[in-house]
Amino acid sequence: MNKLKALFAGESVKISLLSIVLGLLIGAIVMIAGGYNPLLAYQSMLEKIFGNAYDMGEALRAIVPLIFTGLAVAIAFRAGMFNIGVDGQIVMGSLGALMVGNMISMPPIIHAIVAIIAGTLLGGLWGALVGVLKTKRGINEVISCIMLNWTALYLSHMVIKAFMAEEGTSRSQSIQESASIQINWLSGLLDGARIHWGFALAVVALIAYHFYMNRTKWGYEIRAVGNNNHAAKYAGMNVSQVVIRTFFLSGMLGGMVGTFEVLGVFKYMAIASATSGLGFDGIAVALLGMNGALGILLAAALFGSLMYGAQGMSFGANVPGEVIKMVISIIIFFAAAPGMIRWLLNKTKRSKQANREG
Amino acid sequence: MKKSMLLVLSAILLFSFALAGCGSKSGESSSSGSAPEESGGKKLKVGMVTDMGSVNDKSFNQSAWEGLQKLKEDFGYEVKFLEPKNDAEVIPSLNQFVKNKYDLTWATAETLDAAVKQIASENPDAKLGIIDAGVEVPNVASVLFKENEGAFLVGVIAGLMTKSNKIGFVGGMEIPVIKRFEAGFREGIKAVNPDASFKPLYTGQFVRVDMGKSAASTLYNEGVDIIFHASGLTGNGVFNEAKERVARGERVWVIGVDKDQSLEFGDEITLTSMIKKVDEAVYQISKDLADGNFPDGKITYMGLKEKGVDVAPTSSKNVPQDILDKVEQYREQIIEGKIQVPTT
Amino acid sequence: MHNGEIVLELKGITKRFPGIVANDQISLQLRKGEIHALLGENGAGKSTLMNIVFGLYQPDEGIIELNGQPIVMDGPNKAIECGIGMVHQHFKLVPPFTVTENIILGMEPKRGFGTDLKGAASRIAELSKQYGLNVNPEAKIESISIGMQQRVEIMKTLYRGAEIIIFDEPTAVLTPQEITELLQIMKRLVDEGKSILLITHKLKEIMDVADRCTIIRRGKMIETVTVADTNQETLAEKMVGHRVQFKTDKRPANPQDSLLDIANLVVTAENGQRAVDGISLSIRAGEVVGIAGVDGNGQTELIEAITGMRPIESGTIRLEGRDVKHGSPRTASEAGISYIPQDRHKHGLVLDFDVSENAVLKSYYEERFNHKGLLDRQAIEEVAERHVEQFDIRTPGIHTPVRSMSGGNQQKLIIAREIAKEPKLLIAAQPTRGLDVGAIEFVHKQLIAERDKGKAVLLVSFELDEIINVSDRILVMFNGRFVGETTPETTSDQELGLLMAGKHQGGDRG
């Protein structure tokens with residue numbers, strides 16, 4: 001209990017909370033400037049998120065991938081590396097799941113499990129590639145990530161067109177029903193919202209992440225490398241191996257996103273012109289969540305529902321969805337530049353002092 | 001200290017809400033003041049969902065939205081659009097309208113077909129419409145344009161107007177509908193100028209102005225003097241590149257798409273446009289619903305004959321009359337079925 | 001004795017950080033033309049106090065007066081404006097820039113749209129002459145010595161019109177000769193009317209140059225004394241709070257068989273040059289071998305080669321007759337080599353880890369802590385508690401991040417960890433760098449104790465006192481080679497200083 005209290009009294013938590021308030025506040029000011037009604041807009045947003053069973057379910061559906069991408073980015077952050085290749089790892093995960101889900105026939109449940117494993121592994125290997133390039137060839141992970149994102153995208157186009165093209169459309173054929181991970185009874189209960197087993201796995205992943213980072217020797221190594229890789233080397237850790245392993249895990253988490261989107265949400269893969277951007281949203285989630293499991297859960301819930309609720313703002317108050325993107329950006333901005341908030345906090349403190357003295 | 005800081009902030013927040021609340025009341029009443037003069041049947045609520053594009057794309061989606069706005073002006077329909085920001089939001093967006101009992105929900109892209117099919121099946125009482133795709137479900141009206149026919153005509157213009165004998169095409173993604181543009185355009189050129197070389201280029205993107213610009217730059221550098229684009233917002237980049245080149249004294253042209261883009265980008269660079277009357281289709285079919293003639297379960301084909309595609313009426317500014325006459329001849333032949341324009 | 005007017009006065013300065021009072025009602029008066037030393041152990045609050053003077057921190061209580069006027073220092077710019085300059089322990093210079101460019105950085109004199117480099121350079125030359133700094137304005141920072149770089153830092157403060165100069169541990173990085181020169185420069189500065197605040201824990205320097213000395217201990221001010229009326233022993237006692245011994249007690253060594261044998265070792269540095277150039281060395285169990293030398297003469301590379309952190313070009317390293325040359329840090333560690341690294345922040349610790357996590361940095365994977373990947377928290381905490389107790393590590397608890405601990409306590413933790421491994425060979429590089437008298441005494445005792453337990457100890461240090469005090473045998477390293485071997489009984493500061501500067505034993509090397 002005390003631990004919990006200490007957690008919320010920490011300065012960084014205050015900064016995160018203030019960032020959120022400031023984000024919504026500045027968003028409101030911009031809406032006023034644009035002639036919109038922020039009160040109505042935020043109200044419509046809340047209605048869109050909590051208004052009915054369907055929307056609540058769909059908001060959950062929007063949160064799940066952010067939990068995974070947040071974790072994927074966070075685990076790399078903890079090792080001192082920047083994985084902006086989660087988008088590509090998602091694509092590879094989707095592709096792996098799709099290939100198993102579409103091209104192979106298996107009994108239900110087993111089919112889904114095999115498809116999940118395939119997607120997760122493919123995403124993991126795609127991530128590990130970044131780690132290998134970094135440690136063996138000294139290529140900066142940011143650069144290889146960006147390139148591999150596009151490589152993954154176009155590779156998926158090639159594979160889909162060659163093996164699973166749905167005639168006359170720009171997407172793949174659907175997966176077989178036996179590979180679906182949608183939870184039909186829950187979906188039915190939530191008025192058709194696309195709820196899938198990925199949600200349960202997200203909770204498992206959060207707990208596993210926390211446990212892995214803090215209680216196992218592998219997590220210990222990741223944190224040591226991330227905080228001070230010189231000391232990690234001095235202590236006899238195999239830094240290269242830790243880097244590759246971290247990217248593999250990060251890629252696996254990304255791959256799971258792709259897997260669940262295909263098996264639980266879309267059932268097919270689109271020949272999209274760009275990657276989903278979920279991996280980049282994951283950066284925001286990890287940043288605001290301060291790389292901790294609980295923080296990531298809360299940040300993913302916040303951003304996921306904000307993004308989903310943006311449609312409500314658009315529908316109810318005619319506010320363009322971009323405003324929500326802006327609100328999120330402002331939150332990230334303040335969370336990433338805590339100096340601004342500290343300055344604000346100090347300013348009030350100092351003016352108080354001045355009042356007292358004067 | 002920090003508590004008071006939060007207090008101050010929330011006070012500001014509340015204050016700004018209150019302020020906005022007062023301000024918007026007057027605004028709302030004025031916006032709802034445009035009462036309909038005449039009625040095309042009962043007042044409908046019509047929604048529209050784009051495909052991750054924007055209703056300000058100066059092209060396809062904007063055209064559809066203009067059709068809806070015209071309905072609002074003419075008959076006082078309640079119209080609204082949603083722009084999903086990612087694939088996963090498409091279904092909730094459609095549902096937003098359907099579950100709010102909109103009389104008709106348009107989906108303005110081929111890529112939305114699976115979502116429309118699903119929503120229509122789940123909500124048999126709702127009516128939906130889709131552009132550029134055929135969805136064979138009883139409560140969906142589908143509209144397919146014969147872009148190849150219209151593209152053929154601007155191909156004729158390009159084939160006869162080119163000086164360098166090199167003609168280019170910038171496409172968005174390589175999907176069937178864009179392929180129809182390319183095929184029609186290619187055949188139109190071939191029909192009047194078999195010697196001209198034809199260079200198609202796909203950017204893979206509908207929303208990347210920068211990529212449109214670099215694609216256009218590549219083609220113009222290869223000696224192409226006329227580019228036809230079918231790439232949504234990406235095409236704005238094609239126009240930007242042409243504008244710069246014309247300003248430098250190069251004589252290059254762009255052929256616009258979907259709308260009469262000379263109105264947007266000017267006659268100095270817009271040779272002509274192949275218009276796709278999405279607004280017409282949306283307007284007409286929405287009105288049909290009010291009149292009780294909704295073509296549900298059917299695919300409406302809009303070609304030259306149905307006046308769903310055409311050459312922009314402003315073309316005479318840049319295109320000589322003899323060429324326009326030629327275009328008319330070909331139009332006749334296509335309508336009569338003497339020429340079958342391929343789709344790929 | 002100087003009796004100049006008071007230029008800077010601190011009155012009742014108090015600064016609290018979460019869980020600690022760093023400065024508790026500290027008062028201090030700096031007179032014009034005096035060198036005023038601020039003496040205290042690491043973590044006593046010296047740096048906090050100076051950061052308050054320099055405007056980097058705001059005091060919670062108390063006031064700063066400049067020439068009798070109260071003033072709010074709200075940032076370094078304000079401090080500079082007030083004529084206060086600071087020479088930091090870690091230089092803030094841009095290596096590829098010239099001296100002039102570094103000095104004017106941030107306040108470039110404008111001429112038209114360009115920078116008036118010439119004018120600046122001539123002014124720098126002028127200042128250099130006035131204060132006897134002997135700085136070449138055209139030289140690039142990367143090509144001049146550490147001592148010279150420090151003078152550039154001094155010049156920077158003078159160029160910005162400083163009347164009060166704060167020196168933060170200025171001799172930590174210098175050779176004995178450079179220290180002598182620096183102290184002369186400081187005297188020259190006060191002769192020219194400047195006032196100096198000297199932060200240090202080196203008693204010798206205080207005795208040499210300071211007029212008065214303010215001692216603080218654990219955030220509290222103890223006393224301001226006139227240096228002429230006191231001596232090192234008294235100062236040390238006031239600083240530490242109890243009597244200190246300067247000379248480490250040790251019995252004569254009782255060396256056994258040779259433990260570490262290095263033959264013709266060649267090691268390359270990052271820049272591709274031979275940092276260790278064919279060295280041979282053997283250390284016996286039960287002796288302390290000290291390697292003296294100025295930083296950058298291959299000591300680091302030598303140690304890194306022995307500990308498996310750096311590949312070797314040629315030669316052999318044998319521990320108890322077994323070759324360890326292809327080792328990794330882990331195999332070296334498992335072979336029985338412990339290593340107290342020179343840079344404890346870079347190599348020795350993960351600063352954001354807590355005490356317990358740092359305590360097992362090298363052994364976390366061993367079976368006693370690691371059950372199939374799962375770390376045994378209880379076992380780890382027990383070890384950490386034991387270290388804290390046995391080595392008197394002062395920390396609020398074993399779950400305190402080591403970043404918030406003082407340098408001395410951080411070093412104690414490293415030593416505890418390395419000694420607890422029961423090594424055969426203990427390597428200590430600059431083990432007392434930045435530590436205060438009390439902590440130094442402790443470290444030296446530990447090294448001797450290990451020797452007496454029959455281990456081989458290799459000590460690398462840039463501090464002659466330390467080398468002479470602890471070693472049984474002394475090697476002097478210069479340019480990747482050993483240029484002399486001697487014993488503490490038969491050598492002097494003088495001789496070692498000359499050897500370190502590359503002069504051969506018994507005369508110049510032509």
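Visitor: Why is Arg16(C) called partly exposed?

Guide: Arg16(C) has a relative accessible area of 41%. Buried means under 20%, exposed means over 50%, and partly exposed is in between (1.4 Å probe, protein chains only), so Arg16(C) belongs to the middle class. Before we go on: this is a predicted model, where local features need pLDDT of at least 70 and side-chain atom pairs count only at pLDDT 80 or more, while totals for chains, interfaces and linings use all residues. Residues are numbered from 1 along each chain as its sequence is written, chains are lettered from A and ligands numbered from 1 in the order in which they are written, and side-chain values use heavy atoms, leaving out hydrogens and water.

Visitor: What makes Glu61(C) and Arg16(C) a salt bridge?

Guide: The term asks for a side-chain nitrogen of Lys or Arg within 4 Å of a carboxyl oxygen of Asp or Glu. In this pair the closest N and O atoms are 2.8 Å apart, so the pair passes. The two residues come from distant parts of the chain, 45 residues apart: Glu61(C) is in strand S4 (residues 61-66) and Arg16(C) in strand S1 (residues 6-17) of chain C. Glu61(C) is partly exposed at 33%.

Visitor: Why is Arg274(C) called exposed, and Asp277(C) buried?

Guide: Arg274(C) has 55% relative accessibility, which puts it in the exposed class. Asp277(C) comes out at 18% and is therefore counted as buried. Their side chains still meet in a salt bridge, with 3.1 Å from N to O.

Visitor: How do you know that Glu450(C) and Lys455(C) form a salt bridge?

Guide: Their closest N and O atoms are 3.6 Å apart, and that is enough for the pair to count. Glu450(C) is buried at 1% relative accessible area, and Lys455(C) is buried at 8%. Over all chains, the search finds 59 salt bridges.

Visitor: What makes Arg310(C) buried, and which residues does Arg310(C) touch?

Guide: The relative accessible area of Arg310(C) is 12%, so the buried label applies. Arg310(C) lies in the loop between helix H9 (299-306) and strand S16 (314-319) of chain C. Its contacts (heavy atoms within 4.5 Å) include Val267(C), Ala269(C), Glu270(C), Glu301(C) and Ala305(C), not counting residues up to four places away in sequence.

Visitor: Why is the pairing of Arg310(C) and Glu304(C) called a polar contact?

Guide: Such a contact is a pair of N or O atoms within 3.5 Å; within protein, one must be able to donate a hydrogen and the other to accept it, and residues adjacent in sequence count only if both atoms are side-chain atoms. Here the side chains are joined at 2.8 Å. The side chain of Arg310(C) also reaches the backbone oxygen of Thr268(C), at 3.2 Å.

Visitor: What makes the radius of gyration of chain C agree with a compact globule?

Guide: The radius is taken over C-alpha atoms, and the globule rule is 2.2 Å times the number of residues to the power 0.38. For 510 residues that gives a value near 24 Å, and chain C has 24 Å, so the two agree. Its C-alpha trace spans about 70 × 60 × 50 Å along the principal axes. Chain C holds 17 helices and 24 strands, and 57% of its residues are buried.

Visitor: How do you know that chain C and chain A are in contact?

Guide: The count is 29 residues of chain C against 20 residues of chain A. Chain B and chain C, in contrast, do not touch, and their nearest C-alpha atoms are 15 Å apart.

Visitor: How much area do chain C and chain A bury between them?

Guide: About 2,300 Å², with 58% of it on carbon and sulfur atoms. Phe353(C), Tyr364(C) and Leu375(C) supply 22% of the area that chain C buries against chain A, more than any other three residues. Buried area is the accessible area (1.4 Å probe) that two parts lose on being put together, summed over both.

Visitor: Which residues form the salt bridge between chain A and chain C?

Guide: Arg223(A) pairs with Glu357(C), their closest N and O atoms being 2.6 Å apart.

Note on methods:
Helices (H or I, at least four residues) and strands (E, at least two) are DSSP runs, numbered from the N terminus.
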